[in-house]
Amino acid sequence: MNVPEAETSARMKWVAAFIPVVCVALLMVRGEVRSAASKKYLIPITGYDPRDLLHGQYIRFRFKWGVEAPTSSCEGPRCCLCLRGDEMTRPEVEYVGCEAPPDTCGAVLSGVEATRRQRYLVPEHAGHALEAELRDRDASVEVQCSGDGSFALGELYLDGQPWREIVYPALQFH
Amino acid sequence: MTRAKNLVRWVAQGLLSEAQADAIEKYEAGRTKDTGLKVFTRIGALAIAIGIISLVASNWDAIPPRLKLSLDLLVGISFAGFAARQLLATPTPTSETSVASLSIAWREAAIVIMLGWTAASIALISQVFQLGGHAIDAALTVLVVTTPLALYSRSRAFYVFWLLAWQATLGGELVRLMEERLVEAEVVLLVALAPAVPVVLAGLASTLKRRHAALRAATEWLAVTEWLLAASIGTLFFYQSDSIDMTYWSLGAATTAASLIAVIGWRLPVFAGLPARGRISVIVAATLSWACVYLPVAIGVDDAGFLNALSFCALWLAVAWAAAALRWRRVVNIATHVVGLRLVIVYIELFADLLTTGIGLIISGALLLLAVRVWMKQRHRIGRWLGLPDEETPA
């Protein structure tokens, strides 16, 4: 049964229709700002499960931080990773307490998040070729570190080159 | 065909004149004339929404990320403009019925398309910036930002799915946030509190105004369905019951009972027109359903199939009684069918061989026929005793 609509201003209807667009635009801007303002490091990666790097539309991996397990000075969620070094290079890494990290740290990341299994989204058609290249080459990922301990993934590198420059020419020959 | 046969029957009984029957037939034909178009409109909108999501999921690499984001925004702006225009195109009282209903179908289509676009856009942002966020966080964001638009829908079916999406997302967020921090007893408390959710939903539904009739109807339907589902599942614990922390289980039971009392007390004025026994039927059904949710676990009796059958049938008979008092015909039919199905399962569970099954079926069939005969002879007296409205005494 159609109930007659109550009077609702036209403006509210326009607002309701455009709220999703505005929010999505804000998320895009936030992504760009974070990416521009973040400190970037190159971290080597290794497959989470060498038999199954590719999982649907993403590859699974973990970072090779090259650091010993945390000492008793910090445990679990209170442990953070301190990264030192120049941008876009492999940093020196050590575990520190999250509450008071040293000032010399270029970036501080949540230990729980940084040591967890990671996912890198890949285009549908390039997944298998990329997986094959990952087994044969040294891989690293650009990690964009924010001030709040979180990070986002940037470009994926194979033997120091962006992965598309290696995978796509190989795809064209098949 | 059914409507045409009904109209012929009613005219033959003198309930309607032929002119009235023709007018009804003409009106209904006009109303449903464009049903096919409305169905195609909904399917088209759903296809667009799913197609956008699929396109983003393929992570198409042919164009640069920033161009992808810009194109996505342009598409979103055009979809939003379309949606706003459909919201503004309110059917006038003088428009033809079929035109009005098509206009409403377009509005529903626009809302679904915007929902799909929003979900796809958030996935696209996650892809481009490799944010690696959790899918439930994305779902929550989609639901929050599209709620103002979704509230303009007038489709009960849409609201049922929308409410289910909210419940699943909020439940998933709660579980994800708490799973590493809760001890087992606290998990029991969460499970014990879960049945209170439909009760609270039903209470909230009663506050909705007339212009949200579709949302109110969807909320009530979903709340009653989930509540009865919880009660039916509760009776299964008579088959197998694990020992749990009764302190937390009792706390959940008490909270749900309080919510139930508050909701029924709140809505009792609605039942003011019911005879006293009719109101009693609602209270009995509510109490019995609460007992079915919580007591089987609390009692901790195992391997008691007959208790399951007994409690299950009692629950649904009480539901049928209350539904008859409230004039919910469809629920009465469903409830009686459910009881019948459960009785058939009793035969399968109890009777191992053909001989005893046959004897059982004959005796119970005879009892059923006797019950029907008694009901036919005494239905008005029984109906008054049960507190059913006079004109609604079931045949």
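The model is a predicted one, in which local features need pLDDT of at least 70 and side-chain atom pairs count only at pLDDT 80 or more, while totals for chains, interfaces and linings use all residues. Residues are numbered from 1 along each chain as its sequence is written, and chains are lettered from A and ligands numbered from 1 in the order in which they are written.

Staying with helix 3 (residues 127-136) of chain A, now select its buried residues, A:G127, A:L130 and A:L134. They lie on the same side of helix 3 of chain A because they cover an arc of only 65 degrees around the axis, the arc being that of the directions from the helix axis to the C-beta atoms.

Next, show the whole of chain A, which has four helices and ten strands, these being DSSP runs numbered from the N terminus (helices H or I, at least four residues; strands E, at least two). Followed from the N terminus, the elements read α-β-β-β-β-β-β-α-β-α-β-β-β-α. Of the 174 residues of chain A, 28% count as buried.

Now select the three strands of chain A that form an open sheet in the order 5-4-6, with antiparallel pairing; two strands pair if DSSP finds at least two bridges between them. Strand 5 (92-97) and strand 6 (107-110) of chain A stand at the edges with a single partner strand each, so one side of each has no neighbour in the sheet. Between strand 4 (residues 79-84) and strand 6 of chain A, which run antiparallel, there are four bridges, and A:L81 has A:L109 in strand 6 as its bridge partner.

Finally, bring chain B into view: 32 residues of chain A are in contact with 36 residues of chain B, contact meaning that the C-beta atoms of two residues, placed from the backbone, lie within 7 Å. On the chain A side, helix 1 (10-37), strand 7 (118-121) and strand 9 (151-158) each supply at least two residues, and the largest share, 16 residues, comes from helix 1 of chain A.

Methods. Buried ≥ 20, exposed ≤ 12 C-beta atoms within 10 Å, placed from the backbone.
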